[in-house]
Amino acid sequence: MKLLAGASSSVHGSYLLVILLSVFLFWLRPQQQNLNPENVTRSESEIETPTNYIIRFNHYKPAENHRIYLESKVRSGGWGWIERNNPAAKYPTDFGVLWIEESGKEAVVGEIERLEMVKDVNVEFRYQRVLLGGSFPDGKKRPGKIFTSMSFEEGADHSAMAATCNTTLNWNRHLLGQKTQVTSMFGADVLWKKGYTGAKVKMAIFDTGIRSDHPHFRNIKERTNWTNEDTLNDNLGHGTFVAGVVAGHNSECLGFASDTELYAFRVFTDAQVSYTSWFLDAFNYAIATDMDVLNLSIGGPDYLDLPFVEKVWEITASNIIMVSAIGNDGPLYGTLNNPADQSDVIGVGGIDYDDHIASFSSRGMSTWEIPHGYGRVKPDVVAYGRDIMGSKISTGCKSLSGTSVASPVVAGIVCLLVSVIPEARRKDLLNPASMKQALVEGAAKLSGPNMYEQGAGRVDLLESYEILKSYHPRASIFPSVLDYNDCPYSWPFCRQSLYAGAMPVIFNTTILNGMGVIGYIESPPTWHPANEEGNLLSIHFKYPDVIWPWTGYLALHMQIKEEGAQFTGEIEGNVTVIVYSPAAPGESGPRRSTCSLQLKLKVIPTPPRAKRVLWDQFHSIKYPPGYIPRDSLDVRNDILDWHGDHLHTNFHIMYNMLRDAGYFIETLGSPLTCFDAQQYGTLLMVDLEDEYFPEEIEKLRDDVINTGLGLVVFAEWYNVDTMVKMRFFDDNTRSWWTPVTGGANIPALNNLLASFGIAFGDKILNGDFSIDGEQSRYASGTNIARFPAGGYLHSFPLLDSSESGATQNLLLTGSAKEDPSVLGLLDIGEGRVGVYGDSNCLDSSHMVTNCYWLLKKMLDYTSSNIKDRVLFSKFSKRYSPLITDEKQLPSRRTDVNFSTYSSVIGKELICESDSRFEVWGTKGYDLHVRGRNRRLPGYRGIDLGRGLNSTVETTRPTRWRPAKEGSELGSSRSKYLGGLFNRDEIDMPFLVATRWIVPAGVAASGVLVLIGIWRIRQKRRRRRRASGSNRLA
């Protein structure tokens, strides 16, 4: 009996233990990590300080009228009107500034946005300008709107690394011992002798102010303060320097137009901070007081700050000629600053006295138009911007360098040119378009730089003067010539000839309409070939319905017709377009002008498939509009990925290398369904952040396995813990800035590669390694977490800097630590796949060492099956698959509304105008239309065809579809994928609940254990009864 009692108590103890364990694990179940800014712990000041909002109205009225209107219409509380006491207060305005409490902002903003007289509601940005450094010193964001670096201090080191070679050039030289003025370099004294000195030209300088008693200026008409500091003086010196370059009359640092009427707008505090509302008020005042020229030596990457951008349009529409610095972010490409990148603004780059593009000068193209279009040519012109002499803060002269110095050089030239036109005719002849026409048509083209470095070339004051003397209002196209024989100026077009079957080559030009602020294109543009061969060229045109203000665009989408597949030669001709504007006062009919664009193109026979590479641009996301983080986490002073990620911006050196290697590279700005895989050897996917349509995943799988398309993927880091640490609270918008994704969107890439048995992990790897004597730096790359048997996988001793990786680095040493895999090569079906976990070695933005050699070997393999002996050595072959549990793979963030930034989520799959003409407006090649997209878990009305990992739902990994009976693929799955994927693929996501699945499983296991114990007890009882019966018998 004691034995039975002991067994019974043991069983009850087991019951209790299992139940307690199940309950304990249930309460310790993984909870959703909510990163919603409203739920994140903040400081007391963050909670209590209200946010300022800019309310833009549809009409100009006195500020008091706007205030009364809002107070009478808005019923919600928790907001108030902010009075703005500045010189613009006496004029009508089109905006107001409100404070709105955080707790009720959604209700208040929603109510205001529904008002009839309200145009929109925007958070007020604060501008931060720094003379040395950008907005993120040491990785920490400064207060204010994001701005890039400004002018160098006097005596700064001006050595720079050339963008296209490994030679260091030192351009720190002074012309004729610093005695020669920059004005004499442009021949300003010639116009001075003719009596032109800028008289009666109203020049607005938006900067840090000027001191009233400065001895270098003879004509300071007005000084206005738009800041919250009680001073009109310049306490930093930058505004004084800019004014000196424009209108100084000191013999040691002469300005261009000393009689110009200076209007100093102090829009920056001594801490170099400014608010959007200060700029908007100052811009309105400039319009009300009828300024002629405005210089703005500031800039930043955010071309989607609509209140600011649209006010600049209004400035130029009011016939104010705006000159702005293109930026000091060179020698990197794709680094144009706003507003200089706007077509209605004269964007100025910098050169040295040897006519070299200054290393600091930002390069084009503009990135507004990516991915479906192509950027415009910027800067417009370049001017001397290194070691320029200008006025000090109180007296004397000094030298500065930067495009914010080159900008007032051109602004001074503009003031001098304006004074050439009699005052009575100035407003009739001069406007932002006509002045830009005079500058770009008179500019001297430099022999070395391309059009996206120098624009039209170095400003030529005297040539522009001759153009203006005989100017009649007209329209023109800039650039006016595209000549494939003119290399390197016509780069990148001259680097690759046209051929039949290629994606359209897009050339985006600017229409300058000097006839009026508004214009129209009378009829579709026309292509006029110079010879019979010109009929082989097919051009589709894109242009706006309205040309405003003063400028528009004309984009050429050029293809060679199929009958030209074997043609070799040149095609010449002209594109003409008629532009008209409403009649000017006193004229009887509209103004008309015929614009001409000359084309000289080279054509070659269509290259073989193995030499054609297609670049995926469609799935790249850049800043703005979202916080897209940098690819290299070692770079602390530039946290945003804003250079365009285009073949001709920050990947331009790679592009040149591939052309030198004999490859032909085309760009796809539409989904993967919009290209014919039979035409290309390899699809190249580098540093991609977007999601993928299910149709894209299905097509790519078929393209690789059945069509023989090669696939090369260069990924980037993705680690949720690191992304959370990178977020910061922005004091301007009173909101948390959180990275939308990692350096690349690894969960999306893993969905795309699942069909091939490949997946990336969430490690952040850094270190140096070598392959066959080639040294490489792995900079914040990721690891390969899944890879099938039969492929070739390379691992190296790299350091994992992620949160979990740092812990493992301490715990695991010696033989216990396995080197991460980063390079994989795989034959699958008819195609070949190559994957690598880091793209920084291809991106010229923050490159330490390049891996162009590796890219070439991977392309040789995927396109032509040429196997490098080192990459395909027997030591790197996988005889068993690399397996990682699904739970350990990176998952999507659930606290970010990714549809705001994506071209996929919530969007329709459609081939845009960057794809072949025959699939424009369709879903692509040989694609069965499935109707509406499926809903994406976690987002309303979103269609991705697969679930996002969240605390509610997750998806089963993609599986193979059953191949046709007897097919090669069906009979060789195990061969290609190491036996990992022998199951049929399910088409619909399989959803499970991650909140309770683990504890429920434990509880179920506990029930099974209890049942097992109960059964054991029953068997023991039966045996005891049987033994007792035997003894009794």
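## Close-up views of a predicted model

**View 1. An open sheet of three strands.** Strands E35, E34 and E38 line up in that order in an open sheet, with antiparallel pairing. Here strands are DSSP runs of E with at least two residues, helices are runs of H or I with at least four, and both are numbered from the N terminus; two strands pair if DSSP finds at least two bridges between them. Strand E35 (774-781) and strand E38 (799-800) are the edges: each has a single partner strand, so one side of each has no neighbour in the sheet. Strand E34 (residues 765-771) pairs with E35 in the antiparallel sense over seven bridges.

Residues are numbered from 1 along each chain as its sequence is written, and side-chain values use heavy atoms, leaving out hydrogens and water.

View 2. Buried means under 20% relative accessible area, exposed over 50%, and partly exposed in between, with a 1.4 Å probe and protein chains only. Glu261, Tyr263 and Phe265 point one way from E10, while Leu262, Ala264 and Arg266 point the other way. Strand E8 (residues 202-207) runs parallel to E10 and is joined to it by six bridges; look for Ile205 opposite Ala264. Strand E9 (residues 220-225) also pairs with E10 in the parallel sense, over five bridges, and Glu222 has Tyr263 as its bridge partner. From E9 the chain crosses through helix H7 (residues 238-247) to E10, a β-α-β crossover that is left-handed. For reference, a crossover is right-handed if, with the strands pointing away from the viewer, the path from the first strand over the helix to the second runs clockwise.

**View 3. Two aromatic pairs.** The whole structure holds 33 aromatic pairs. Rings of Phe, Tyr and Trp (its six-membered ring) pair if their centres lie within 6.5 Å; planes under 30 degrees apart are stacked, over 60 edge-to-face, and the rest tilted. Tyr861 and Phe872 make a tilted pair, 4.7 Å centre to centre with 55° between the planes. Tyr861 belongs to helix H20 (residues 852-864), and Phe872 to the loop between H20 and helix H21 (968-971). Both Tyr861 and Phe872 are buried. Phe917 and Trp920 are edge-to-face, at 5.2 Å centre to centre and 85° between the planes. Phe917 counts as buried because its relative accessibility is 15%, whereas Trp920, at 26%, counts as partly exposed.

**View 4. An aromatic cluster and charges over rings.** One aromatic cluster includes Tyr91, Phe206, Trp226 and Phe265. Elsewhere, the charged end of Lys699 sits over the ring of Phe675, 3.9 Å from its centre, and Arg592 lies over the face of Tyr580, 5.6 Å from the ring centre. A charge sits over a ring if NZ of Lys or CZ of Arg is within 6 Å of the ring centre and within 35 degrees of the ring normal.

Definitions and conventions. Predicted model: local features only at pLDDT ≥ 70, side-chain atom pairs only at ≥ 80, totals over all residues.
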